[in-house]
Amino acid sequence: MKTQVCIIGGGPSGLMLAQLLHLKGIDNIVLERQTREYVLARIRAGVLEHGFADLMREAQCGERMDREGEIHDGFYIAHAGKMDRVDLHKYSGGNSVMVYGQTELTRDLYEARDRMGGKVYHNVEDAQPHDMKTDTPYVTCTLDGEKVRIDCDYIIGADGFHGVSRKSIPSDVLREYERVYPFGWLGILSRTKPVSPELIYAKHERGFALCSLRSQVLSRYYIQVPLTDKVEDWSDEAFWDELKRRLPAEVGARMETGPSIEKSIAPLRSFVAEPMRYGRMFLAGDAAHIVPPTGARGLNSAASDIYYLYHAMLDHYLNGDDTGLDNYSDKALARVWKAQRFSWWMTMALHKFPDNIAYDQKLQEIELEYLFSSERAQGSLAENYVGLPF
Ligand code: FAS
Ligand code: PHB
């Protein structure tokens, strides 16, 4: 088989790039390890930066998002017995975020690929990049039980944190930076009316909680739990009781509870791999970086990688200009690290750290007091949350 761009990974990063390249006549193939059902069953991100929403529209996949998604101009932080609102619209110069689940946008991207005859292969086994440092790289894999070689101009590693691409970069080339947090997030999805029209991030002495949503009939909630907890330790009733304990009384009192239709625990880590290029292979999205979801930057950091890669590929194929490809890693990492900083700051400010000394606990409280005493501080938070410029 032969293509111009071979993309390993059929999550939002790989699919978005495939769709954008296809629209410009650049041939590509997506190799996905799992079934489509498995990919679409994963419940992940919920908040899209306006830059991501624009990319979905440019990929001709934004119609359902614009119809079913919700524009949010702010969110709340519950702390020290009060609820303070972060006015994103006011403090970001008129920007906002789009609340639309990753599951749905991934479905939209798959459907666009199908509609346009895109080549997306599922149940792909043993994908392996080869000869990345030559002008003739290729990928081998097993498709429907048959060993296949795909010759290409470029390989995109969009295969997430546990993928093969990053691990194919020699250890003497790759630099990895990681921080693991001493807790996880237990999340549930329930067919209930969201407790609040806007998100509520709660800092509480019992631990962090988050009230989010997917629609007006589908709620998404999280509570911070110890790393030793297992999903089976938590009945729905225990979850709802603990969530309410961590929220202001009037919020807990009006909460509509119901059976969980999805329940999972995600560990929290900050991770960056440098460089995001190795010869003719480029890393994008979770393959190169991971953030704790506190700042809603995970999927959104993937978007800027894809934006840069897309324009670099256009410049190469349409103008014979490789400047974008040569600058990709540095340019993507510059924005990735700013998202890392913001996600780390939100995580450090809002979670209970079991081993925090009294001084650090006081600093956490002062961090939020200062935030809501300063319009400039709220401006900094807002510009990061709606998305720094690509
Ligand atoms: P993905 O991991 O989504 O996709 C990579 C794809 O590559 C997968 O489908 C995988 O099956 C495939 N793959 C892996 N190895 C392969 C191989 N060898 N061959 C072929 N295919 C292979 N972000 C937020 O903003 N908010 C959240 O609340 C949030 N919650 C999250 C919860 C969890 C449990 C996880 C893991 C992540 C969460 N994220 C969240 C981050 C998440 O949204 C990612 O940023 C987003 O999925 C990134 O998309 P991709 O880069 O496409 O990676
Ligand atoms: C979600 O809705 O899943 C969500 C929203 C905001 C976050 C993290 C997760 O910061």
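In this predicted model, 18 aromatic pairs are counted, where rings of Phe, Tyr and Trp (its six-membered ring) pair if their centres lie within 6.5 Å; planes under 30 degrees apart are stacked, over 60 edge-to-face and the rest tilted. Let's begin with Phe-161 and Phe-271: their ring centres are 5.1 Å apart and their planes stand at 85 degrees, so this pair is edge-to-face. Phe-161 sits in the loop between strand S12 (154-157) and strand S13 (175-190), while Phe-271 belongs to strand S17 (residues 260-274), so the pair ties together parts that are 110 residues apart in sequence. Strands here are DSSP runs of E with at least two residues, numbered from the N terminus. Both Phe-161 and Phe-271 are buried, meaning under 20% relative accessible area (1.4 Å probe, protein chains only).

Now turn to Tyr-201 and Phe-208, a tilted pair with 6.3 Å from centre to centre and 50 degrees between the planes. Tyr-201 counts as buried at 1% relative accessibility, and Phe-208 is buried too, at 0%. Ring pairs also link these two with Phe-75, Trp-185, Tyr-222, Phe-342 and Tyr-385 into a cluster.

Rings can have charged neighbours as well. Arg-297 lies over the face of Tyr-385, 5.2 Å from the ring centre. Elsewhere, the charged end of Arg-149 sits over the ring of Tyr-138, 3.6 Å from its centre. A charge sits over a ring if NZ of Lys or CZ of Arg is within 6 Å of the ring centre and within 35 degrees of the ring normal.

Residues are numbered from 1 along each chain as its sequence is written, with chains lettered from A and ligands numbered from 1 in the order written. Local features need pLDDT of at least 70, side-chain atom pairs count only at pLDDT 80 or more, and totals for chains, interfaces and linings use all residues, while side-chain values use heavy atoms, leaving out hydrogens and water.

Methods:
Helix = DSSP H or I, 4+ residues; strand = E, 2+ residues; numbered from the N terminus. Buried < 20%, exposed > 50% of the residue type's maximum accessible area, 1.4 Å probe, protein only.
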